[in-house]
Each structure stands twice: as structure tokens, then as C-alpha cells.
Amino acid sequence: MSIGDLVTLLRDGLFQILIMIAPTGRITDKETGEPIAGAEVLLEVKSGEEWIKWEAEPYLQKNPVYSDKEGYYGWTIPEGEYRIVAKAKGCEKAIVEKYDS
């Protein structure tokens, strides 16, 4: 396929390009800095004035996800206004407000 063919497909509406970003992070203990494995990390998307759970299944992903043994987590998501909610046993729930992609 040539660039010209691709431009024709785009112009004719037979193609959709979806720009995705990959927010990642690490869950650590606030006092010690040690990673927290198994923390539940939920991605919420802004819908009007409300925050709702981001539907990950159409993107072949899961939401919530759980931090790995080094505390890391992540998704690949479309553009939007998001926030991240994390919780782990014995810890306060943490919210990262307004993660704009």
C-alpha cells in the first residue's frame, strides 16, 4: 500500500486513526518509599460533571489493574480527561486528579 492509497482510504472514511497514550505509574509507601505490590489502581474518565470507571474491555485491557511486585501499573488509553484512584490494604486511598491525555 502506498501513501497515496492510505490518503484515499482516510479521505473516504474507511480508516479511523485513534491516538493512544500510555499512562503508567508506581505505587509506593508514602513514608518509606518502598513499592507496594498488589495495589488496586482504577482509571476513571470525566463524563459531564462526574467521574466514571473507564471501560477498558473495548481496548483489550482491564480496569482496575493491580500493581506488580515493583509497584508499577499502566494502561494504553485514548485521549481524554482522567483521574487515577489507588488503594491498598493498610493504606489510605490516593487519588491523582485530572490526568489529561
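Because the model is predicted, local features were considered only at pLDDT of at least 70 and side-chain atom pairs only at pLDDT 80 or more, whereas totals for chains, interfaces and linings use all residues. Residues are numbered from 1 along each chain as its sequence is written, and side-chain values rest on heavy atoms, with hydrogens and water left out.

The protein chain contains 1 helix and 9 strands, where helices (H or I, at least four residues) and strands (E, at least two) are DSSP runs numbered from the N terminus. Along the sequence, these elements follow the pattern α-β-β-β-β-β-β-β-β-β. Of the 101 residues of the protein chain, 28% count as buried; here buried denotes a relative accessible area under 20%, exposed one over 50%, and partly exposed a value in between, computed with a 1.4 Å probe on protein chains only. Among the contacts in the protein chain with a separation of 6 or more, 53% are between residues 24 or more positions apart, a contact being defined by heavy atoms within 4.5 Å.

Strand 3 (residues 40-47) and strand 8 run antiparallel and are joined by 6 bridges, two strands being taken as paired if DSSP finds at least two bridges between them. Within this pairing, L42 has V85 of strand 8 as its bridge partner. Strand 8 is mostly covered, with 5 of its 7 residues buried. V45, which is found in strand 3, has a relative accessibility of 18% and therefore counts as buried. Although V45 and Y82 are 37 residues apart along the chain, their C-alpha atoms are separated by 4.4 Å. When residues up to four places away in sequence are not counted, V45 touches E81 and Y82 as well as E50, W51, I52 and W54.

The loop between strand 4 (50-53) and strand 5 (65-66) contains N63, and P64 is found in the loop between these two strands as well. The peptide bond from N63 to P64 is cis, with omega near 15°. N63 counts as buried because its relative accessibility is 4%, and its side chain reaches the backbone oxygen of L43 at 2.8 Å. Such a polar contact is a pair of N or O atoms within 3.5 Å; within protein, one atom must be able to donate a hydrogen and the other to accept it, and residues adjacent in sequence count only if both atoms are side-chain atoms. Beyond its neighbours within four places in sequence, N63 is in contact with V41, L42 and L43, and also with K53, W54, A56 and W75. L60 lies in the loop between strand 4 and strand 5 but is exposed, with a relative accessible area of 79%; its phi is near 55°, a positive value in a residue other than glycine.

S67 lies in the loop between strand 5 and strand 6 (72-74) and is buried, with a relative accessible area of 6%. A polar atom of the S67 side chain lies 2.7 Å from the backbone oxygen of I36, and a polar atom of that side chain lies 2.9 Å from the backbone nitrogen of A39. R26, found in strand 2 (residues 24-26), counts as partly exposed at 37% relative accessibility. The side chain of R26 reaches the backbone oxygen of E70 at 2.7 Å, and the contacts of R26 outside four places in sequence comprise P35, E70, G71, Y72 and Y73.

The largest pocket has a volume of about 440 Å³. Pockets were identified on a 1 Å grid over the protein atoms alone: a cavity is a set of points where a 1.4 Å probe fits but cannot get out, a pocket is an open set with protein on both sides within 12 Å along at least five of seven lines, and lining residues have an atom within 4 Å of a point. Grid points are joined across faces, edges and corners, and a volume is the space filled by probe spheres set on the points. The lining comprises 19 residues, of which T28, K30, C91, E92 and A94 lie nearest the centre of the pocket. The elements giving two or more residues to this lining are strand 8 (81-87) and strand 9 (94-100), and strand 8 gives the most, with 3 residues. By class, the lining has 10 nonpolar, 2 polar and 7 charged residues, where Ala, Val, Leu, Ile, Met, Phe, Trp, Tyr, Cys and Pro count as nonpolar, Asp, Glu, Lys and Arg as charged, and the others, Gly among them, as polar.
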